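User: Could you walk me through this model? I'd like to ask about a few spots as we go.

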Amino acid sequence: MTPPLTRFIFEMSGAQSVPLPIDEKGARIASGQGLDLALLTPGAHCPSMVMMPGPRRDEILARASQDDFLIIEDDYEGEVAFAREPALKSRDRDGRVIYLGTLSKTLAPGVRLGFLVAPEPLVKEARWLRRLVHRSVPLNNQRTAAIFLAEGHYLSLLRKLRAAHADRWYRVMEHLPDLLPGFRAPDPCHGGSSVWLELPEGVDGRALIAAAGAEGILLENGDPFVAPEQAGRFIRLGLSLIQTEAIVPGMRLLGEIAARLAEEGASGPNENAALDQSGAQAAS
């Protein structure tokens, strides 16, 4: 599963994307795959939120050295995540990991500030490329963010965000079995700013998103993250903006909508058969 926009950017540059298999420990990279670059989200796999444990990280770093490829570590959850493991970059002894971080999850998406940790030659090239493509983030945004960090407000904000995300995540997981029966989270499921869910049999994600939207519940479609044959099987619940007290009522209503869709799907063929039969009787 690769973030759709990231995959699009690589393919626009002429790169050939190769999906990596994942399991309960995150991405797996087999020997001899011929990779030049591996894009990983070890801190919180996108979109499942699975956190890569230490032994798998060591295994991937050893593979990168053996097969001579580089790794981009996209730490999009970063310091917001309350369930954390030190960055893959902290284990890198060969300079093979390019670490990407962002302040969009903490300050505001519109600030468009991020950071890069990489060998000096790559940083130098990235700076020149940024000037050609984007020039720079507005200087007033940079100055404001710098003051915010320097005065210690950023650390206070992080503590509040982690506490809020933890409260919301634990609330979802506590009520998931009762309010959303049949919905399956990854096992193990790690906390963060979203919850990735596989839908019950008989419930199509596209229909659920449309029906829930009509009731004021917004869900993220999982289709862009999965293979075409898995379309309609996954959704993602965002926890960053929702009010904590709205979670349980929203889950209850979402469960009722899903149950209704499953019932309609199960009864659909019978209703059609009844209509066909009555039509045949009328024709006779």
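User: Which side chain meets E85 in a salt bridge?

Analyst: The side chains of R91 and E85 meet in a salt bridge at 3.4 Å, N to O, where a salt bridge is a side-chain nitrogen of Lys or Arg within 4 Å of a carboxyl oxygen of Asp or Glu. This is a predicted model, in which local features need pLDDT of at least 70 and side-chain atom pairs count only at pLDDT 80 or more, while totals for chains, interfaces and linings use all residues. Residues are numbered from 1 along each chain as its sequence is written, and side-chain values use heavy atoms, with hydrogens and water left out.

User: How accessible is E85?

Analyst: E85 counts as partly exposed because its relative accessibility is 28%; buried means under 20% relative accessible area, exposed over 50%, and partly exposed in between, with a 1.4 Å probe and protein chains only.

User: And what does R91 do with D58?

Analyst: R91 and D58 also meet through their side chains in a salt bridge, at 2.8 Å from N to O. This pair links distant parts of the chain, with R91 in the loop between β4 (70-74) and β5 (97-102) and D58 in helix α2 (residues 54-67), 33 residues apart. Helices (H or I, at least four residues) and strands (E, at least two) are DSSP runs, numbered from the N terminus. R91 is partly exposed at 27% relative accessibility, and D58 is partly exposed at 40%.

User: How many salt bridges are there in the whole structure?

Analyst: A search of the whole structure finds 13. Among them is the pair of R184 and E198, whose closest N and O atoms are 3.5 Å apart. That pair links distant parts of the chain, R184 being in the loop between α5 and β7 (194-198) and E198 in strand β7, 14 residues apart. There is also a network of salt bridges that links D23, R28, R56 and E59.

User: Switching topic, what sits in the loop between α5 and β7?

Analyst: H190 is one of the residues found there, and H190 counts as buried because its relative accessibility is 18%. The side chain of H190 reaches the backbone nitrogen of M51 at 3.0 Å. P188 is in that loop as well, and the peptide bond joining D187 and P188 is cis, with omega about 5°.

User: Where else is there a cis peptide bond?

Analyst: The bond from C46 to P47 is cis, with omega near 10°, and P47 is found in the loop between β3 (37-40) and α2. As background, most residues other than glycine have a negative phi, and most peptide bonds are trans.

User: Which residues have a positive phi, then?

Analyst: D68 has a phi near 60° and R112 has one near 55°, both positive values in residues other than glycine. D68 lies in the loop between α2 and β4 and is exposed at 54% relative accessibility, while R112 lies in the loop between β5 and β6 (114-117) and is exposed with a relative accessible area of 56%.

User: Back to α5: where does that helix bend?

Analyst: Helix α5 bends by about 25° at M173, and a proline, P177, follows within four residues; the bend at a residue is the angle between axes fitted to the seven residues ending there and the seven starting there. The buried residues in α5 include Y154, L158, W169 and L176.

Technical notes: Polar contact = N/O pair within 3.5 Å; in protein donor to acceptor, adjacent residues only side chain to side chain.
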